[in-house]
Amino acid sequence: MAKILLAGESWISTTTEFKGYDSFTSTKLEIGCTELLESLKKLGHLVTHIRAHDVPEDFPWSKEALDEYDVILLSDIGSNSFNLSNHVFSEGRPTTNRLELLKQWVLSGGSLMMAGGYLSFSGFEGKAHYSGTPIEDVLPVLIKPYDDRVEVPQGALPEIAVDSQITNGLGKFPEILGYQTVTPKKDAQILMTVDSSPLLVNRTVGKGRTIAYMTDIAPHWASQDFMAWENYGEFFSRCIKWLNKDLD
């Protein structure tokens with residue numbers, strides 16, 4: 001069992017409907033990690049979710065606050081959300097660099113996982129912008145400074161690269177519909193690939209552990225078959241357990 005902080009994986013959508021001469025606008029909060037949260041909780045993990053729009057103010061500001069958790073999971077949330085709090089963006093005042101704080105937390109024994117998406121790694125039009133940041137220093141991969149997405153609308157099947165306690169016995173992985181391209185670091189281990197590109201990579205760095213998972217935890221890159229896969233929750237639970245040193 002691990003205490004997990006998941007940051008990101010939500011968005012606010014605005015719709016304008018036109019009915020003849022008249023129109024009206026509605027706004028809706030969307031949560032993309034519902035299935036993952038439920039699956040991890042069923043498998044005994046304790047999960048706290050900070051929605052993307054709350055990350056700038058509510059993501060931990062100190063090592064002591066990070067120490068409340070065993071694993072930090074970043075999913076579809078760009079680096080600007082950590083760097084541009086109200087202190088900086090609205091008030092022009094210096095404050096804690098939480099990407100550097102997270103890096104130092106990992107080096108001192110914390111565990112970090114980044115999952116893929118339009119605002120992960122480099123992301124759509126490079127807007128996630130993790131290349132050259134302290135997060136890249138501890139992740140097991142080098143991140144491109146430009147759009148790193150590969151869309152695979154026809155589907156692509158993940159493949160096991162080496163035997164590991166994360167993937168052993170889970171059977172054939174369902175297809176995915178896209179991923180991000182990265183370069184594994186020399187001290188990292190490639191556990192899974194897709195189209196010959198790294199898909200699941202892990203690393204021990206300092207006293208901590210990190211995982212990079214280059215595709216989404218939910219649609220659209222996670223296909224409906226992947227979401228319905230009987231081992232969907234077990235796969236991510238094993239990633240968490242490896243990070244928490246419950247698997248070696």
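Helices (DSSP runs of H or I, at least four residues) and strands (DSSP runs of E, at least two) are numbered here from the N terminus. Helix 3 (residues 63-66), for instance, is where Lys-63 is found. The structure is a predicted model, so local features need pLDDT of at least 70 and side-chain atom pairs count only at pLDDT 80 or more, while totals for chains, interfaces and linings use all residues. Residues are numbered from 1 along each chain as its sequence is written, and side-chain values use heavy atoms, with hydrogens and water left out.

Back to Lys-63. With a relative accessibility of 37%, Lys-63 counts as partly exposed; on this scale buried means under 20% relative accessible area, exposed means over 50%, and partly exposed is in between (1.4 Å probe, protein chains only). Lys-63 and Gln-104 sit 41 residues apart in sequence, yet their C-alpha atoms are 8.5 Å apart in space. Setting aside neighbours within four places in sequence, Lys-63 is in contact with Leu-101, Trp-105 and Ser-108, where contact means heavy atoms within 4.5 Å.

As for the overall picture, an unreviewed UniProt entry carries the annotation "domain: Putative glutamine amidotransferase" for residues 3-244. UniProt positions follow the numbering used here, feature names are shortened, and such annotations may be inferred rather than shown by experiment. Over residues 3-244 the chain is 23% helix and 33% strand. The end C-alpha atoms of that stretch are 9 Å apart.

Helix 9 is largely enclosed by the rest of the structure, because 10 of its 12 residues are buried. Just after helix 9, Lys-245 takes a positive phi of about 65°.

Helix 9 also meets helix 1 (residues 34-42): the two axes come within 9 Å and cross at roughly 70°. Axes are lines fitted to C-alpha atoms, for helices over the stretch in contact, and angles run from 0 to 180 degrees between N-to-C directions. Helix 1 and helix 9 are therefore roughly perpendicular to each other (65 to 115 degrees; under 35 is roughly parallel, over 145 roughly antiparallel, and the rest oblique). On the helix 1 side the meeting residues are Glu-35, Leu-36, Ser-39 and Leu-40, and on the helix 9 side Tyr-232, Gly-233, Phe-236, Ser-237 and Ile-240. Ser-237 counts as buried at 1% relative accessibility. Not counting residues up to four places away in sequence, Ser-237 touches Leu-40, Leu-43 and His-45.

The structure holds zero disulfides, a disulfide being a pair of cysteine sulfur atoms within 2.5 Å. For Cys-33, the closest cysteine sulfur is in Cys-239, 16 Å away and so too far for a bond. Cys-33 counts as buried, at 0% relative accessibility, and Cys-239 counts as buried at 0% relative accessibility too.

Ser-75 is found in strand 5 (residues 71-75) and counts as buried, at 0% relative accessibility. Leaving aside neighbours within four places in sequence, Ser-75 is in contact with Ala-7, Gly-8, Glu-9, Ala-115, Ser-120 and Ile-217. Glu-9 lies in the loop between strand 1 (3-8) and strand 2 (10-19). Although Glu-9 is not a glycine, it has a positive phi of about 55°, and it is buried, with a relative accessible area of 2%.

Ser-196, in the loop between strand 12 (189-194) and strand 13 (197-205), has a positive phi of about 70° without being a glycine. Ser-196 counts as exposed, at 74% relative accessibility. The peptide bond from Pro-219 to His-220 is cis, with omega near 20°, and His-220 lies in the loop between strand 14 (208-213) and helix 8 (224-227).
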